[in-house]
Amino acid sequence: MDLEDDFLSFLEETYFFKTKPSPCPYLPNREETKILTWLKGANAEKTHSALLEMGFRRSQTAIYKPNCKGCSACVPLRVDVRLFKPSKSQKRIRNRNRHLFRRVTSPTLSEKHYNLYQKYMQARHPGEDMGNMDFRDVAMMVAETTIDTSIVEYYEIGADGEDVLVGWCLTDYVDHGISMVYSVFDPDHHSRSPGVFAIMDHVALARELEFQYLYLGYWVKGSQKMAYKNLFNPHEIYRNGHWVRVSTE
């Protein structure tokens, strides 16, 4: 039975909105349209879990899925953490970052989180709208949640012996897995590929919590921004109501 069939009785009372077309953030000369609903009330966790299983993605108190005319480039992707095997390149990245350590905290933005966010946006995404978000905007992006969420921080020991924040991820939890919602890293560490390391560490976190899946959001063929997601093998993509296992090795 399709996942849509499994959740049909639950979702039939859920009202979905459709957004107006806007420029696609991933592919040039295309427009993006989303369908979305709100995560609120006693059913917020259940709605989030169900729709995540159907290829949706959370943003604050909404959960959405691309619904673009003539385009299906955005492909939901998840990793079965029980089967994941790092490539030689990923093992090297893990070794280059073995000095980093993880802390899991509440979804509350601090000054150090925001400063790193600004540094990351200016270096990696200059000119994008998200780079214009002030402290209050980013704090709302982090804290506005009705489901189980945390900030996963990554630190190194500085020359003075103090802990130095080099990255953080907004991470959600459902009964069968975890979802990486948004990640920020110090661009000075770019050569060490901290984003790839964070995904592998989230695989480890999911295993520690005895979850099966790590959700990475949308992989977009033709978008360099999203190319890294397709390199975690084996992984599953959501197509025509089913999760299908693939490997790009």
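This passage describes the fold, the surface and selected local features of a predicted protein model.

Residues are numbered from 1 along each chain as its sequence is written, and side-chain values use heavy atoms, with hydrogens and water left out. Because the model is predicted, local features were required to have pLDDT of at least 70 and side-chain atom pairs pLDDT 80 or more, whereas totals for chains, interfaces and linings use all residues.

The protein contains six helices and 14 strands; these are DSSP runs numbered from the N terminus, with helices (H or I) of at least four residues and strands (E) of at least two. The radius of gyration is 18 Å, which agrees with the value near 18 Å for a compact globule of 249 residues. This radius is taken over C-alpha atoms, and the globule rule is 2.2 Å times the number of residues to the power 0.38. Along the principal axes, the C-alpha atoms fill a box of roughly 55 × 40 × 40 Å. Among contacts with a separation of 6 or more, 66% join residues 24 or more positions apart, a contact being heavy atoms within 4.5 Å.

Of the 249 residues, 49% are buried. Buried denotes under 20% relative accessible area, exposed over 50%, and partly exposed in between, with a 1.4 Å probe and protein chains only. The exposed surface comes to about 13,100 Å², and carbon and sulfur atoms supply 50% of this area. Areas were computed by the Shrake-Rupley method with a 1.4 Å probe; for residues, only the protein chains shown count as cover. The protein carries 32 positive and 32 negative charges, and their mean positions lie 7 Å apart. In this count Lys and Arg are positive and Asp and Glu negative, while His and the chain ends are not counted; the charge is placed at NZ of Lys, CZ of Arg, CG of Asp or CD of Glu.

Helix α2 (44–52) is largely enclosed by the rest of the structure, because seven of its nine residues are buried. The buried residues of α2 are Ala44, Thr47, His48, Ser49, Ala50, Leu51 and Leu52.

The structure holds 13 aromatic pairs. Rings of Phe, Tyr and Trp (its six-membered ring) pair if their centres lie within 6.5 Å; planes under 30 degrees apart are stacked, over 60 edge-to-face, and the rest tilted. Phe16 and Phe56 form a tilted pair, with 6.0 Å from centre to centre and 45° between the planes. Phe16 lies in the loop between α1 (3–11) and β1 (17–18) and Phe56 in the loop between α2 and β5 (57–59), so this pair ties together parts that are 40 residues apart in sequence. Phe16 is partly exposed at 29% relative accessible area, whereas Phe56 is buried at 8%. Tyr114, Tyr117, Phe135 and Tyr182 form one aromatic cluster.

Several loop residues were also examined. Most residues other than glycine have a negative phi, and most peptide bonds are trans. Glu210, in the loop between α6 (194–208) and β12, has a positive phi near 65° and is exposed at 73% relative accessibility. Asn240, in the loop between β13 and β14 (242–246), has a positive phi near 50° and is exposed, with a relative accessible area of 76%. The peptide bond from Asn233 to Pro234 is cis, with omega near -15°; Pro234 is located in the loop between β12 (213–220) and β13 (235–239).
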